[in-house]
Amino acid sequence: MSVLNPMALPAPSALLLALLGFSFVVHMLFLGLLVAALWARIGAEWGTRDTYQIESLHRAGVLAFSTTITAGVAPLLFVQVLYGKYFYSSSITIGYPWLAIVGYLLIGFYSLYLWRWRWEKADGPSASGKAFVLLTIVMLIAIAFTYAWNHLQSLSPAPWTYAVPHPQVAKRLIGYAGGTAIASGAWALWLGHSWRSDRKTPRGASIALILGCLLLLVWASLSQFAASAWGAAAWGMLLAAAALAFIAGIAGFLNRIGLARWPASLAALAGLSGLMIQRESYRLLMLSGDYNPSAQAVRAQWGPFAMFAVVLLLGIATFIWLLRVVRAAQRSTTAVP
Amino acid sequence: MNYPIFDPGPMGSSTLIAGVAIIHILIAHFAVGAGIAIPWLEARAIRRNDQVLAEFLRRYSRFLILFSFVAGAVTGVGIWFVIALISPEAISLLIRQFVWAWATEWVFFAIEITSGYVYYFYWDKMPPKTHVKVGIVYAVSAWLSLFVINGILAFMLTPGDWLVTGSFWDGWLNPTFWPSLLLRTVSALALAGIFVAVVANLDRHLDREKCRHIIHSGSVFLVPLALMIPLSVWFFAASPRAAGELALGGSVAMTMFFGFGILASTLVGLYAYFGLIKNRRSINIETSLLLAAIALVATGSMEYVREGIRKPYIVYDYMYANGLTAADVSRLNHSGFFAAKPVIARETDPLSLSAEERGRLIYRVECQRCHAVDGYNAIRTLVNNWDIEMIRSNTRQLHRLKWFMPPFAGTEEDLNDLVAYLVSLRSDRWEDKGATSAPKESSR
């Protein structure tokens, strides 16, 4: 191998795949928080607004949007390292609709702030406030659709042969919706638990859990996991997630929020992990005739990896410190956390 | 050649990249500068019990959140997307070579975002010293994020020993790493100082005296602009000689942009020192917006110069602006454009195409990233007044004729095909220009 081989993988493919999978699950967890915050906003606009604390809701929403974008950068990075040839080709084939994601993000993100501004102005729900909530939701759906389109197109060794969205996009969206719904249900329970003095399950969370559970069951039984060696693992995790979500949903309807949030959280983790395993297995299967990451030349950069690992550990320590600071601040005030 | 080609239309690839990149760089630099300025000023406000400054900083940090956390983060993703569409070969190289640097930067960015929100949302809800500490975490992580990315950006101009060793560290800590980092830090601080003046003037809680006080406090961040000249000298001393010569007289456009950037930055720095700090003058909203506009144009100019002096390369001495490496050029010259099976021609048989159609495929791979057919840097305008021999001769020796052009890559037959396509673009037929022969159909 030549010394100058910049296209060699910078680490063994197994490590890169593990990082891709882990970061994708983290990204989807934050997406679940964002959707939970949106449901709470829907509740504030159309339902029992007295029980929601608007400032906390706003903070959760913008923080979730920000962290979802930030957490989404990491899997995007590892996808490019492992599957750049296909990812770039499918992005180019899609072209401007792919770039439109930037616009969707800007509109969706600023709509969160505009909703807060309208709430203050109107001192409560308003027609334009409802419009801003809906606008954010529409933008999120547009982003999910475009990502699913790109992802499916990048599963083909010749993505440029597709002039229109891949026929499987809708099916893939249902899968993502199932994972997001169940994660958002778990987050809604945690948010509701910290906000509601009566400690009863928010209705939206129960609906999310049941919906997520049903979607997962349908999706798990219809999807194509069986063709892969990893399929059994994905299938098992998805069934476990569905069962846990079902238990959490029942606990939610019985208003046992303290009990419901734990199986719901486990269900979210299991469901998203199953999604991730199934997703990557299917990708490897589809590309296997043309590309195999484990067969690529590797020029491992262990020194730079060590730098990343050390910074990551320091970063985790910083996050823990910041959480402690926030909790101390919340304890020291009687106002809204 | 391994990717399809994105056609952005008349605006051209360069305009699309520049549009997103300059906006993102401005916002990202502001985020770094303001991240350093705010906790520094807050610590000073606490030390001096300066309530006016402290209250202003809270509103200024809201501006930071709204401006940079939303638009900055999103355009950051946007610039990645745009480059991937236009230069997939280059981004692929940068990603694979520097994946751990990108990943490290991502950690710093995540800390920056989180600490920024904690800093803003919990302003009055924690002890002041703790609050300043959170601000310092934000400042350090934001600057370290710049530190990491700066290495990758500087690599594109000065890959240095990486060309020989292929080592991550040689590429990342390359010859222009430090001068580039300091130039960017100075620019970031200056943007923070200028936006203090803009936001203070727009702040309805401040009367004239309070506004003057705030602007005076923030103007200290403009003073480092006086370092722009020595830092630029250092930067060009570390750059490839040919690149430095372009900015220092070799290219009129580059020299003008560079001169404007340096002069404007230095003058703003001197104005800050003598006007705002020494004589404690105030500035109104119009003047502060004018300063902001000058700073934005100066930053954009310097980014333009940074991109421009790299030509004809996208990674100096390694990859040309059209994504071909020197090895690719050599291979195409030897075996021909279509022998390499470019992706955009994979589904077609070149033998079944006309010379003009083959030429269009060559144009798309080798020329389209910098030249739209019509619109930005239009190829039609360039060739419209050339006769066929001029087109052939100029294309054959592009890199000798114009310093910033990559060489034509392909055989004589490929050249004929490209010439046929370029001739077809002219609005008046080449026969009218007195040429004696049409481009020959190749004998493929």
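In chain B, residues 24 or more positions apart account for 76% of the contacts with a separation of 6 or more. Two residues are in contact if their C-beta atoms, placed from the backbone, lie within 7 Å. The model is predicted: local features need pLDDT of at least 70, side-chain atom pairs count only at pLDDT 80 or more, and totals for chains, interfaces and linings use all residues. Residues are numbered from 1 along each chain as its sequence is written, while chains are lettered from A and ligands numbered from 1 in the order in which they are written.

Chain B holds 19 helices and two strands. Helices (H or I, at least four residues) and strands (E, at least two) are DSSP runs, numbered from the N terminus. The C-alpha atoms of chain B fill a box of roughly 85 × 40 × 35 Å along the principal axes. Of its 444 residues, 54% count as buried. A residue is buried if 20 or more other C-beta atoms lie within 10 Å of its own, exposed if 12 or fewer, and partly exposed in between.

Chain A has nine helices and zero strands. Its elements therefore read α-α-α-α-α-α-α-α-α from the N terminus on. Of the 337 residues of chain A, 50% count as buried. Among contacts in chain A between residues at least 6 apart in sequence, 79% join residues at least 24 apart.

Two residues of chain A illustrate the burial classes. A:Leu191 lies in helix 5 (residues 169-195) of chain A. A:Leu191 counts as buried because it has 25 C-beta neighbours inside 10 Å. Leaving aside residues up to four places away in sequence, A:Leu191 touches A:Ala36, A:Ala40 and A:Ala60. Its C-alpha atom is separated by 12 Å from that of A:Gly258, 67 residues apart along the chain. A:Ile137 belongs to helix 4 (residues 127-153) of chain A. With 17 C-beta neighbours inside 10 Å, A:Ile137 counts as partly exposed. A:Ile137 and A:Leu33 are 104 residues apart in sequence, and 13 Å apart from C-alpha to C-alpha.

The largest nonpolar core has 242 residues. A nonpolar core is a set of buried Ala, Val, Leu, Ile, Met, Phe, Trp, Tyr and Cys residues joined through C-beta atoms within 7 Å. A:Leu77, A:Ala267, B:Ala190 and B:Ala192 touch the most other members. Helix 2 (residues 54-94) of chain A gives the most to this core, with 22 residues. B:Ala190 touches B:Gly33, B:Phe221, B:Leu222, B:Leu225, B:Val268 and B:Ala295, not counting residues up to four places away in sequence.

The contact between the chains takes 51 residues from chain A and 51 residues from chain B. On the side of chain A that touches chain B, helix 2, helix 3 (96-122) and helix 9 (302-332) each supply at least two residues. Helix 2 of chain A gives the most to this side, with 17 residues. By class, this side of chain A has 34 nonpolar, 15 polar and two charged residues. Ala, Val, Leu, Ile, Met, Phe, Trp, Tyr, Cys and Pro count as nonpolar, Asp, Glu, Lys and Arg as charged, and the others, Gly among them, as polar.

One helix pair spans the two chains. Helix 3 of chain A and helix 2 (residues 51-86) of chain B pack at an angle of about 170°, with their axes 9 Å apart. Axes are lines fitted to C-alpha atoms, for helices over the stretch in contact, and angles run from 0 to 180 degrees between N-to-C directions. Helix 3 of chain A is therefore roughly antiparallel to helix 2 of chain B. Angles under 35 degrees count as roughly parallel, over 145 as roughly antiparallel, 65 to 115 as roughly perpendicular and the rest as oblique. Helix 3 of chain A contributes residues including A:Trp98, A:Phe109 and A:Tyr113, and helix 2 of chain B contributes residues including B:Leu66, B:Gly78 and B:Phe81. By class, the contact of these helices has 16 nonpolar, one polar and no charged residues.

Helix 11 (residues 241-250) of chain B has B:Ala243, B:Leu246 and B:Ala247 as its buried residues. They cover an arc of only 85° around the axis, so they lie on the same side of helix 11 of chain B. The arc is that of the directions from the helix axis to the C-beta atoms. On the other side of helix 11 of chain B, B:Arg241, B:Ala242 and B:Gly249 are exposed. The cover over the buried residues includes helix 5 (128-157), helix 10 (228-238), helix 12 and helix 13 (285-308) of chain B.
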